[in-house]
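Good morning, and thank you for coming. Please look at the structure on the screen while I speak about pairs of charged side chains.

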Amino acid sequence: MPLSMNREVFITCAVTGSGSTQDRSPHVPRSPQQIAESAIDAAKAGAAIVHCHVRDPETGVPSRKIEYYREVTDRIRDADVDVVLNLTAGMGGDIVFGGVDSPLPTVDGTDMVGAEERVAHVAECLPEICTLDCGTMNFAEADYVMTNTPGMLQAMGRMMTDLGVKPEIEAFDTGHLWYAKQLVKDGVLDSPALVQLCMGVPWGAPDDLNTFMAMVNNVPDDWTFSAFGLGRNQMPYVAASVLAGGNVRVGLEDNLMLGKGNLATNAQLVDHAVGIVEGLGATVIGPDAVRAKLGLKKQAAIG
């Protein structure tokens, strides 16, 4: 297997995520202002793309409120640094069953809405990129299922394409890549596509290198891919993805620390990733180069 290292690498910072990390580190941003400021700091540190979720400002609980997304994107667009906006569209597909003896009705934590509502903030804010979680998966929690049916993915994918927003396919396992290729074949998504390989998320693809390379080898040659690993494997995956020909993602959505016991900021994680990429002999590219590479449209929010 020849080494096919990527020499021009973009870094995505996943700023806050939707996990229950808000009380595990003081650096996890909650309010729209905090999320935007953390994203701006990450961009100044070298991130070409910022991937944003939103949270309730008081509790830190993940949210889908359009006004929070609008404030985050407005603040980032008004900042003195350029960066590519990437908003999640993964919220609204969560089922929490009632347990093995009585799975129905579903219980607190369930958040299931239609395709149009799941994409409403994308239509309002018009980022360059938004995510498309390309399959259904059991997560670490006993009775929680991330639910993305083929019909839902077709509907959401068409909406994103019609909006001129590039979907970032999030592939948590090999079957997700298989279906992503079908969406392109069916004309739901444009080709070449953009894919994020999500490694080590229980119970998706484990983060061993054999599984990672199986995922990489299933990405079509003309697609662009990025990858990340969770927790302590976040920085090793910066190197692994570059060496495999891809780009990288770091940030507090996936990892809270730089070294044992050292809680990090998003900017610190990005800065560390820049050092790894450049130490490998590659160049970190900026947002304009990313837009040219991926054919992105820089749009303005509605209203």
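Glu 117 is partly exposed, because its relative accessible area of 43% falls between the limits of 20% and 50%. This is a predicted model. With which residue does the side chain of Glu 117 meet in a salt bridge? The partner is Arg 64, at 3.2 Å from N to O. Glu 117 belongs to helix α3, residues 115–118, while Arg 64 sits in the loop between β5 and α2, so this pair links distant parts of the chain, 53 residues apart.

Arg 64 has a further partner to consider. Its side chain also meets that of Asp 111 in a salt bridge, at 2.9 Å from N to O. Asp 111 lies in strand β8, residues 111–112, so the pair ties together parts that are 47 residues apart in sequence. Is Asp 111 buried or exposed? Asp 111 counts as buried, at 19% relative accessibility, and Arg 64 is partly exposed, at 24%.

Let us turn to helix α10, residues 287–294. Here Arg 291 and Asp 288 form a salt bridge, their closest N and O atoms being 3.0 Å apart. Both lie in this helix, three residues apart, which is about one turn. Arg 291 is buried, with a relative accessible area of 9%, whereas Asp 288 is exposed, at 57%. These two residues also belong to a network of salt bridges that links them with Asp 82, Glu 128 and Lys 298.

How many salt bridges does the count come to? The count comes to 14. As a general point, side chains of opposite charge can pair when their charged atoms come close.

Notes. Residues are numbered from 1 along each chain as its sequence is written. This is a predicted model: local features need pLDDT of at least 70, side-chain atom pairs count only at pLDDT 80 or more; totals for chains, interfaces and linings use all residues. Side-chain values use heavy atoms; hydrogens and water are left out. A salt bridge is a side-chain nitrogen of Lys or Arg within 4 Å of a carboxyl oxygen of Asp or Glu. Helices (H or I, at least four residues) and strands (E, at least two) are DSSP runs, numbered from the N terminus. Buried means under 20% relative accessible area, exposed over 50%, partly exposed in between (1.4 Å probe, protein chains only).
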